Amino acid sequence: MAEPAGVKFSSALISVALTLIIWFVIPVPEGVDPKAWHLLALFVGTIAAIIGKAMPIGAIAIVAIMLVAITGVTSPKPGDALKDALSGFSNSLIWLIGIAIMISRGLSKSGLGSRIAYWFISIFGKKTLGIGYALAASETLIAPVTPSNTARGGGIIHPIMRPIAAGFGSDPEQGTEKKMGRFLALVNYNTNPITSAMFITATAPNPLVVKLISDATGAGISITWGQWALAALVPGIIALILMPLVVYYMCPPELKETPEAPKFAREKLAEMGPLNRSEMIMISVFALLLVLWAGIPAMIFGKEYALDATTVAFLGLSILLVTNVLTWNDVLTEKGAWDTIVWFAALVMMASFLGKLGLIQWFSEQIQGGIESTGVGWVGATLLLVGVYFYAHYFFASTTAHITAMFGAFFTAGIALGAPPMYLALLMAGASSLMMSLTHYGTGTAPIIFASGYVTLKEWWQVGFVVSVVNLTIWAVIGGLWWKVLGYW
């Protein structure tokens, strides 16, 4: 019998089996609240369903919310259980990402995203390496208002990269991918994890990281948009400078000089014509969002003029709606935004109650005990924790599932082992995006670019591993020194 559309029975059965085994078969460990253990069973089943793609992630989230409400694992009172199950929707960070995704629709609708990329190529495109840097610069510029890293790297930059490669005779179907396309595809992809690590609003799971850090420190560390961006500025720029050089060394393009690329880009810009009204409004809104997210009015006029990041996102979206750059129908049809709000709410809710019920603390104590037995100091413990957390991404096809499953416990264990909380927070926050570089399934952008055929599986994994080591080292060492200068730890 055929499976119903949208349901993968094999993955669903594994998810249900794991839930039942943890709930009914494995004894509740000493010192663990039975309700926390039962919530863990639902949580593990949910993560397994997400990894196995049993259903679309939004549908899985709805089922998870329903199960939390029905089982009452967060509260003995049915009414309170439902309130708990829906509590994730009151989290402002969830709405920040959802609204920012809606705003980013204006980049593609207005054509501004493509214009920015072609403009960079017209300036830096005389060499293949220069084209790589132009693609990286383009993605970095639009990253703060493009929370879907898949839409940014796979939907905006990749469709620009491909015709450039094809224009110079680099086509995998003709066996000429090494001419230029292989290099550009690898730069196109490996830019994505770096830009995702640079801004809270550059990829959907980043606000989840902020929430988990706040929960683990009892709101002692509440990272703002401006703090994150400033902290990632130096390691991010250095990583963006080095990454194309690493790729160039490992997979050098056969065609190194591209004098026709700027002409190609200028022709595309000429076809687009002058900036249209929608693009000019998008630029103004983009600038306004960056100024307000960075907290510049508060710096100048005082803290009473500070605006919450989510409030700022609502302001930006409202301007685009009032000026008709986006219509309400555009907002309604932005399925990715609504999907993100739903699954994010479910995962944040479950992760929060695992912490409130004490399970994260218990699990972190187990990790802490294991590392303490090795006798390493906080530096060694941090490297070990972050390394295991980072390279465990080989087993995940979703950064959201990975972060939800592991971040809270590893971060809490690191603090207990003596790591400076802000240093560990920023390092693990960066690692949560940088780990995307490892595989051809590490995030939604990966299969889009890999499917274009420019890069073999072996090349992808080899480059991804080397780039991951470089990026992680930059964040741990140079980032750590920069955060020390900033007084963050």
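Helix axes are lines fitted to C-alpha atoms over the stretch in contact, and the angle between two of them runs from 0 to 180 degrees between N-to-C directions. The model discussed here is predicted.

**Domains**
- The domain assignment of the chain gives two entries: domain 1 covers 1–89, and domain 2 covers 93–333.
- Taken over C-alpha atoms, the centres of domain 1 and domain 2 are separated by 35 Å.

**Helix 7 and helix 9**
- Two packed helices are described by the angle between their axes and the distance between the axes.
- Helix 7 spans residues 128–142 and helix 9 spans residues 181–198; their axes come within 9 Å and cross at roughly 30°.
- Because angles under 35 degrees count as roughly parallel, helix 7 is roughly parallel to helix 9.
- The crossing of these two helices, helix 7 and helix 9, is right-handed.
- On the side of helix 7, the residues that meet helix 9 include Thr-128, Leu-129, Ile-131 and Gly-132.
- On the side of helix 9, the residues that meet helix 7 include Phe-183, Leu-184, Val-187 and Asn-188.
- By class, this contact of helix 7 with helix 9 has eight nonpolar, seven polar and one charged residues.

**Thr-439**
- Thr-439 lies in the loop between helix 21 (421–434) and helix 22 (445–450).
- Thr-439 counts as buried because its relative accessibility is 0%, and buried means under 20%.
- Apart from neighbours within four places in sequence, Thr-439 is in contact with Tyr-189, Tyr-394, Ala-446, Trp-460 and Trp-461.

Key:
Residues numbered from 1 in each chain as written. Predicted model: local features only at pLDDT ≥ 70, side-chain atom pairs only at ≥ 80, totals over all residues. Heavy atoms only, no water. Helix = DSSP H or I, 4+ residues; strand = E, 2+ residues; numbered from the N terminus. Buried < 20%, exposed > 50% of the residue type's maximum accessible area, 1.4 Å probe, protein only. Contact = heavy atoms within 4.5 Å. Domains from an automatic or database assignment. Parallel < 35°, antiparallel > 145°, perpendicular 65-115°, else oblique. Left-handed = near helix turned anticlockwise from the far one by under 90°. Nonpolar A, V, L, I, M, F, W, Y, C, P; charged D, E, K, R; others polar.
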